[in-house]
2 protein chains.
Amino acid sequence: MGVTVWLTGLPSAGKSSIAREVERLLVRGGVRVQVLDGDELRENLCADLGFSRADRDTNVRRVGYVAELLARHGVVVLVPVIAPYRHSRAAVRRHHQSCRTPYVEAYVDTPLALCVARDVKGLYAKQRAGTLSGLTGVDDPYEPPEQPEIRIATADRTVTESAGDVLAALIQRNLVLGVHG
Amino acid sequence: MGVTVWLTGLPSAGKSSIAREVERLLVRGGVRVQVLDGDELRENLCADLGFSRADRDTNVRRVGYVAELLARHGVVVLVPVIAPYRHSRAAVRRHHQSCRTPYVEAYVDTPLALCVARDVKGLYAKQRAGTLSGLTGVDDPYEPPEQPEIRIATADRTVTESAGDVLAALIQRNLVLGVHG
């Protein structure tokens with residue numbers, strides 16, 4: 001049974017690290033997994049899109065469309081993509097529902113101060129230096145999920161612990177088998 | 001083992017009908033199949049693209065990218081999309097090769113006169129009436145494959161016979177099992 005797990009959250013919240021760790025653990029268990037990397041998809045599917053509200057919405061819908069195609073064929077699809085707008089995320093959820101494909105929203109809930117301290121891609125520094133604008137969570141909106149299936153508080157926890165939250169939620173929903181249980 | 005089968009050919013050559021028939025036969029055999037419908041993808045992934053040379057190229061590359069993602073996870077992906085330019089098709093083939101994902105080009109080789117007679121979507125009529133321009137094979141280029149893995153001559157043959165050509169080629173390459181052999 002496939003599923004799309006959308007990991008939404010601020011830049012440097014830990015979305016990609018958690019997705020890669022979930023991937024590592026599931027692949028070890030023989031599960032088909034695909035991480036849809038936001039930067040790679042922007043290059044290959046969304047080179048026309050920038051970071052305006054409309055473009056971010058289109059980006060999220062396109063990624064959601066591809067995720068559903070994979071998930072319907074039994075792949076666990078992990079999507080570590082910011083997806084700042086509630087209505088875009090809701091559209092992706094509705095699309096999955098209309099296809100009867102499982103969908104799970106995982107909110108990577110990391111305080112902004114911690115994201116700024118991590119600043120994996122140097123985006124917060126660039127914004128502060130004035131060489132980048134429209135950064136989600138700083139000078140561009142981020143609308144946190146109200147009822148995510150999974151809420152992952154990453155502060156003071158390891159990536160493996162956070163990945164465990166995702167795995168537990170998938171096992172609980174019978175979306176992957178807990179083979180080592 | 002997944003594979004992308006790209007069915008290239010003129011409008012109304014029979015690409016979609018053959019793809020749907022291959023799908024029907026493989027699904028009956030328990031194989032995971034996905035037809036990537038050109039019109040649906042244009043709506044969902046390529047709404048920004050028109051029919052200029054550059055846009056057609058980008059369209060083909062995006063569809064090829066999605067096809068590879070599915071094929072690498074064991075899906076037989078059937079792509080009935082015109083793909084008029086050799087260099088775009090070559091790019092999709094190279095992308096699959098770089099991912100070590102099987103790729104098969106099937107040239108649906110139907111004479112233009114027969115395509116015009118079929119005119120499933122009424123495109124040739126519109127072009128003749130002057131309400132459409134840039135129609136592949138008429139007033140826009142179509143570069144036929146030089147060495148396709150499969151050449152399907154559809155004149156005087158049923159869709160099921162043509163679909164059989166595709167299945168035979170896949171079985172011959174060990175890409176699907178000939179379960180009823």
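Biologist: By what turn can chain A be laid on chain B?

Modeller: This is a predicted model, in which local features need pLDDT of at least 70, side-chain atom pairs count only at pLDDT 80 or more, and totals for chains, interfaces and linings use all residues. Residues are numbered from 1 along each chain as its sequence is written, while chains are lettered from A and ligands numbered from 1 in the order in which they are written. With superposition by least squares on the C-alpha atoms of residues with pLDDT of at least 70 in both copies, the RMSD is 0.0 Å and the shift along the axis is 0.0 Å. The two copies are therefore related as by a two-fold rotation axis, and the turn is 180°.

Biologist: Which residue of chain A comes closest to the rotation axis?

Modeller: The distance is taken at the C-alpha and amounts to 3.0 Å. The residue is L70(A).

Biologist: Which helix of chain A gives the most to the side that touches chain B?

Modeller: Two residues are in contact if their C-beta atoms, placed from the backbone, lie within 7 Å. On that basis, 12 residues of chain A are in contact with 12 residues of chain B. Helices (H or I, at least four residues) and strands (E, at least two) are DSSP runs, numbered from the N terminus. With 5 residues, the helix that gives the most is α3 (residues 53–71) of chain A.

Biologist: At what angle do the axes of α1 (residues 15–28) and α7 (residues 159–172) of chain B cross?

Modeller: Axes are lines fitted to C-alpha atoms, for helices over the stretch in contact, and angles run from 0 to 180 degrees between N-to-C directions. The two axes come within 8 Å. The contact includes V22(B) and L25(B) of α1(B), and V166(B) and L167(B) of α7(B). The axes cross at roughly 65°.

Biologist: Is A83(B) buried or exposed?

Modeller: A83(B) lies in the loop between β3 (76–80) and α4 (86–98) of chain B and has a positive phi of about 50° although it is not a glycine. A residue is buried if 20 or more other C-beta atoms, placed from the backbone, lie within 10 Å of its own, exposed if 12 or fewer, and partly exposed in between. Because 28 other C-beta atoms lie within 10 Å, A83(B) is buried.

Biologist: Is R100(A) buried or exposed?

Modeller: R100(A) also has a positive phi, of about 55°, although it is not a glycine. Its place is in the loop between α4 (86–98) and β4 (103–109) of chain A. Because 7 other C-beta atoms lie within 10 Å, R100(A) is exposed.
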